[in-house]
Amino acid sequence: MNQTTIGARIRLARQAANMSQAALARHMGISMMALNGIELHGTDPRASRVAVASRVLHVSGDYLLHGIMPVPTPETTGLRAWLAHIGA
């Protein structure tokens with residue numbers, strides 16, 4: 001999967017957290033259709049929505065916005081392992 005977009009990284013983090021689109025959309029205060037647009041069609045989310053996704057998915061804003069992986073912590077170790085597992 002292409003990780004060059006914010007949406008692609010949100011999708012990877014959501015899948016790593018075993019969270020449904022419906023659940024993340026609820027947390028972000030948007031519809032599932034809007035989240036689908038972000039994840040798959042490159043719609044840019046508002047900064048406030050990215051901040052919520054970062055908090056709920058336990059990843060850094062830098063990762064979601066720029067693909068910069070943080071220094072490993074207990075919260076990010078699961079995402080790193082999952083990304084390595086899928087070859088991303």
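Me: Which residues is R14 in contact with, leaving aside its neighbours within four places in sequence?

Reply: Contact means heavy atoms within 4.5 Å. By that rule, R14 touches M19, S20, Q21, L24, E39 and L57, once its neighbours within four places in sequence are left aside. A word on the source: this is a predicted model, where local features need pLDDT of at least 70 and side-chain atom pairs count only at pLDDT 80 or more, while totals for chains, interfaces and linings use all residues. Residues are numbered from 1 along each chain as its sequence is written, and side-chain values use heavy atoms, with hydrogens and water left out.

Me: Is R14 buried or exposed?

Reply: Buried means under 20% relative accessible area, exposed means over 50%, and partly exposed lies in between (1.4 Å probe, protein chains only). R14 has 9% relative accessibility, so R14 counts as buried.

Me: Where does R14 lie?

Reply: R14 lies in helix α1. Helices (H or I, at least four residues) and strands (E, at least two) are DSSP runs, numbered from the N terminus. The protein has six helices and zero strands. Along the sequence, the pattern reads α-α-α-α-α-α.

Me: How many of the residues of α1 are buried?

Reply: Helix α1 covers residues 6-16, and eight of its eleven residues are buried, so α1 is largely enclosed by the rest of the structure. The buried set is I6, G7, A8, R9, I10, L12, A13 and R14.

Me: Which residue follows α4 with a positive phi?

Reply: H58 follows α4, and its phi is near 60 degrees. H58 lies in the loop between α4 (47-57) and α5 (61-66). H58 too is a residue other than glycine. Another positive phi is found just after α3, where G42 takes about 80 degrees.

Me: At what angle do the axes of α1 and α3 cross?

Reply: Axes are lines fitted to C-alpha atoms, for helices over the stretch in contact, and angles run from 0 to 180 degrees between N-to-C directions. Here α3 covers residues 32-41, and its axis comes within 6 Å of that of α1, crossing at roughly 110 degrees. Angles under 35 degrees count as roughly parallel, over 145 as roughly antiparallel, 65 to 115 as roughly perpendicular and the rest as oblique. So α1 and α3 are roughly perpendicular to each other. From α1, the contact uses G7, A8, I10, R11 and R14; from α3, it uses L35, I38, E39 and L40.

Me: How many nonpolar, polar and charged residues does that contact have?

Reply: Ala, Val, Leu, Ile, Met, Phe, Trp, Tyr, Cys and Pro count as nonpolar, Asp, Glu, Lys and Arg as charged, and the others, Gly among them, as polar. The contact of α1 with α3 has five nonpolar, one polar and three charged residues.

Me: Which residues of α3 are buried?

Reply: L35, G37, I38 and E39 are. The buried residues of α3 pack against α1 and α2. M32 is also in α3. At 43% relative accessibility, M32 counts as partly exposed. Not counting residues up to four places away in sequence, M32 touches Q21, A22 and A25. M32 and Q21 are eleven residues apart in sequence and 6.3 Å apart in space, C-alpha to C-alpha.

Me: How many residues does the largest nonpolar core have?

Reply: A nonpolar core is a set of buried Ala, Val, Leu, Ile, Met, Phe, Trp, Tyr and Cys residues joined through side-chain atoms within 4.5 Å. The largest has 22 residues, and those with the most contacts inside it are I10, L24, M28, L57 and L64. Two or more residues come from each of α1, α2, α3, α4, α5 and α6 (74-86). The largest share, five residues, comes from α4.

Me: What covers the buried residues of α4?

Reply: The cover includes α1, α2 and α5. The buried residues in α4 are V50, V52, A53, S54, V56 and L57.
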